[in-house]
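Keep the sequence and the coordinates open while reading.

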Amino acid sequence: MKAEILKINPDHIDSEQMNRAGEILKQGGLVAFPTETVYGLGGNALDAQSSEKIYRAKGRPSDNPLIVHIADMEHLFPIVEQVPQKAVRLAEKFWPGPLTMIFKKTDMVPFETTGGLESVAVRMPDHPTALALIRAAGGYVAAPSANRSGRPSPTTAEHVAEDLGENIDLILDGGMVGIGIESTIVDFTEQIPTVLRPGYISLEMLQECIGEVKMDKGLLASDSKVRPKAPGMKYRHYAPKAPLSIVEGPEECVIDKINSLACEVIGSGDRVGIIATDETFERYPQGIVKSIGTRGEEETIAHNLYEVLREFDQLDVAAIYSEAFHTPKMGQAIMNRLLKAAGHTVITVL
Ligand code: TXA
Ligand code: MG
């Protein structure tokens, strides 16, 4: 089966197209669709077999739960035991948007969707196509990022086709996504709301809205003994084919170090990739240099991250070196993804 790719205009929802896509989901099929964060691989969240199909299509371990996407607030209450007041406040402020919240689930949600857990992750995406599709499908769409397990998340329909084109029914092509990295995940099954995955909505933004919020210890620890609570965060992820190393330190030292590392790779007859920014792009005279965006607008770095990682796969490089991006607002989210892509290989220069 080869997925049909249907061009859609997110600013003008075509209800015939949406009904068709919704019908595929209702019948137990899989439809990839754009959201404001990354493309999702949708299936009916209340149908165990659809969720199993998602795991198979992605090659994903079945203990790694899926996020249930809803389009209307009233659809939250039937699938979760209880919604704390603070979660209501976050929903009022950030939904629809790049925020996922975890609650204790009700029997309506099959264990196949939650990877065997008693809790369920829920998100209301801020994208007209996603919202229309969810409504057309009956209200509940399970959707992990639409990449093969372990690969960088897809920010275009072409990325989805590359990874999953043979395994799914339909891809809705709404062009490149806006944010480019996945939603912030907040766990409400703990006493204190806890961030399990950093994203566009930062810890400070959450704290400003509801007071105390903590980061999952497994995210902060660099040793592998403290496990992250979100099962998906423990897997190697987003990895390009060539080994990626992050070079960290004062800017001048980083540039010198990357140049000398690049020189070594080229000296041994291989191609080398360098991830720079608009500000430093011209300081790398050798290798295949890509600018990921500008430090002046950190959103650009998040937006291009996965695309750049995927581009290097086409270029047959033997190694990739990247600057670090500890930017003020999204730095935590960006570095979380980059560190996973690098398998935590960091070279610190002083
Ligand atoms: O932005 C996003 O969230 C995208 C778009 C498509 O909405 N979706 C996404 O889904 O990133 P996925 O499956 O690639 O990542 C979901 C993450 C995984 O790390 C998973 O382990 C975690 O959420 N997760 C889901 N349900 C959970 C639960 N009940 N408890 C703990 N972690 C959970
Ligand atoms: Mg994913």
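## Polar contacts to the ligand

A polar side-chain atom of arginine 197 sits 2.9 Å from an oxygen atom of ligand 1. Taken alone, ligand 1 exposes 680 Å², and the protein buries 97% of that area. The model is predicted, and these values are computed from it.

Two further side chains approach ligand oxygens. In threonine 37, a side-chain N or O atom is 2.7 Å from an oxygen atom of ligand 1. In serine 183, a side-chain N or O atom is 2.6 Å from an oxygen atom of ligand 1.

## The shell around ligand 1

Which residues come nearest to ligand 1? They are Thr37, Asn64, His69, Ser183 and Gly232, out of 28 residues around the ligand. By class, the shell has 16 nonpolar, 8 polar and 4 charged residues.

Strand S4 (67-69), strand S6 (119-123) and strand S10 (194-197) each supply at least two of its residues. The largest share comes from S6, with 4 residues.

As a rule, strands of a sheet pair through backbone hydrogen bonds, either parallel or antiparallel.

Strand S2 (residues 31-33) and S3 run antiparallel and are joined by 3 bridges. A hairpin of 6 residues connects S2 to S3. Valine 31 has glycine 42 in S3 as its bridge partner. Is strand S3 (residues 40-44) largely enclosed or open? S3 is largely enclosed by the rest of the structure, because 4 of its 5 residues are buried.

S3 also pairs with S7. The two run antiparallel, joined by 2 bridges. Here glycine 43 stands opposite alanine 142 in S7. S4 and strand S7 (residues 141-142) pair in the antiparallel sense too, over 2 bridges. Histidine 69 has valine 141 in S7 as its bridge partner. Histidine 69 is also among the residues that come nearest to ligand 1.

## Backbone exceptions

Most residues other than glycine have a negative phi, and most peptide bonds are trans. Proline 96 is placed in the loop between helix H3 (85-94) and strand S5 (99-104).

Aspartate 316 counts as exposed because its relative accessibility is 63%, and the cut-off is over 50%. At 47% relative accessibility, histidine 344 counts as partly exposed.

Where is serine 149 found? Serine 149 is in the loop between S7 and helix H5 (157-164). Its relative accessible area is 33%, so serine 149 is partly exposed. Serine 149 and arginine 56 are 93 residues apart in sequence. In space, their C-alpha atoms are 9.9 Å apart.

## Cysteines

How many disulfides does the structure hold? The count is 0. A disulfide is a covalent bond between the sulfur atoms of two cysteines. The cut-off for a disulfide is within 2.5 Å.

Cysteine 263 is partly exposed, with a relative accessible area of 40%. Cysteine 209 counts as buried, because its relative accessibility is 17% and the cut-off is under 20%.

Definitions and conventions
Residues are numbered from 1 along each chain as its sequence is written. Chains are lettered from A and ligands numbered from 1 in the order in which they are written. This is a predicted model: local features need pLDDT of at least 70, side-chain atom pairs count only at pLDDT 80 or more; totals for chains, interfaces and linings use all residues. Side-chain values use heavy atoms; hydrogens and water are left out. Buried means under 20% relative accessible area, exposed over 50%, partly exposed in between (1.4 Å probe, protein chains only). A residue is near a molecule or strand if one of its heavy atoms lies within 4 Å of it. A polar contact is a pair of N or O atoms within 3.5 Å; within protein, one must be able to donate a hydrogen and the other to accept it, and residues adjacent in sequence count only if both atoms are side-chain atoms. Accessible areas come from the Shrake-Rupley method with a 1.4 Å probe; for residues, only the protein chains shown count as cover. Ala, Val, Leu, Ile, Met, Phe, Trp, Tyr, Cys and Pro count as nonpolar, Asp, Glu, Lys and Arg as charged, and the others, Gly among them, as polar. Two strands pair if DSSP finds at least two bridges between them.
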